[in-house]
Amino acid sequence: MDSSKLLGFLGFALIMGPFSFGMATTLAPAAKPEPVVVVAPTPSKRPEPIYVPYVMPLTVTLPKFNRSVSVKISFMMDSGSPAIDELQAQMDAFDGRVDAVLTGAINEAEDAVNDIDRLRSAIPQLIRHAINVQLGTEEDPQPVREVLLTSYAHQ
């Protein structure tokens with residue numbers, strides 16, 4: 001065999017050897033993966049929410065900002081909670097207890113913030129805390145899940 005044929009064969013073998021090995025490993029059947037067990041999350045046992053609106057708009061003077069704020073509020077509570085009936089009874093009585101709690105919470109929000117624009121985000125948290133203190137029991141210390149401002153204006 002002459003040297004040119006030998007060099008051609010070696011060149012062919014050097015190129016086709018790794019190529020053939022790569023093709024064989026690529027086309028080989030893959031090992032079957034183990035099945036993945038997905039555990040579904042357990043559904044929440046929390047009851048559906050109900051929204052209890054505070055029908056009257058509440059206007060509070062803010063001396064720190066030399067303005068007044070007017071809000072309408074809805075309380076999100078668990079349906080079937082006994083606190084709903086108590087809150088509704090207090091609002092229907094128009095005796096001022098709920099007004100006093102809400103006004104006090106808005107005044108606390110005024111003291112807690114340094115800017116009138118941040119007041120809007122502080123009001124729901126403080127109202128929720130104040131109402132929960134008033135309505136909460138040992139079995140359900142936080143009957144109000146969320147306070148929604150359905151209307152907000154300051155002038």
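This is a predicted model: local features need pLDDT of at least 70, side-chain atom pairs count only at pLDDT 80 or more; totals for chains, interfaces and linings use all residues.
The protein chain contains four helices and three strands. Read from the N terminus, its elements follow the order α-β-β-α-α-α-β. The radius of gyration of the protein chain is 35 Å, well over the 15 Å that the globule rule gives for 155 residues, so the chain is more spread out than a compact globule. Along the principal axes, the C-alpha trace spans about 115 × 40 × 25 Å. Of the 155 residues, 28% count as buried. Among contacts with a separation of 6 or more, 67% come from residues 24 or more positions apart.

The three strands make an open sheet in the order β1-β2-β3, with antiparallel pairing. At the edges are β1 and β3 (144-154), each of which pairs on one side only. From one strand to the next the twist averages 20°. Nine bridges join β2 and β3 in the antiparallel sense. V69, for example, has H154 in β3 as its bridge partner.

Helix α3 lies across β1 and β2 and runs at about 65° to β1. Helix α4 lies across β1, β2 and β3, and its angle to β3 is about 135°.

Helix α3 can be followed in more detail. It covers residues 97-112; at 1.5 Å a residue, these 16 residues should span 22 Å, and the end C-alpha atoms are 23 Å apart, which agrees. Which residues of α3 are buried? They are V98, L102, A105, I106, A109 and E110. These residues cover an arc of only 145° around the axis, which puts them on the same side of α3. The spacing has a simple background: an α-helix has 3.6 residues a turn, so residues three or four places apart point the same way. On the face of α3 turned away from the buried side are the exposed residues A100 and D111. The cover over the buried residues of α3 includes β1 (49-62) and β2 (67-78) from the sheet, together with the helices α2 (82-93) and α4 (119-135).

N66 sits in the loop between β1 and β2. Its phi is positive, about 55°, although N66 is not a glycine. Is N66 buried or exposed? The relative accessibility of N66 is 71%, and the cut-off for exposed is over 50%, so N66 counts as exposed.

Notes
Residues are numbered from 1 along each chain as its sequence is written. Side-chain values use heavy atoms; hydrogens and water are left out. Helices (H or I, at least four residues) and strands (E, at least two) are DSSP runs, numbered from the N terminus. The expected span of a helix is 1.5 Å times one less than its number of residues. Buried means under 20% relative accessible area, exposed over 50%, partly exposed in between (1.4 Å probe, protein chains only). The arc is that of the directions from the helix axis to the C-beta atoms. Contact means heavy atoms within 4.5 Å. Two strands pair if DSSP finds at least two bridges between them. Axes are lines fitted to C-alpha atoms, for helices over the stretch in contact, and angles run from 0 to 180 degrees between N-to-C directions. The radius of gyration is taken over C-alpha atoms; the globule rule is 2.2 Å times the number of residues to the power 0.38.
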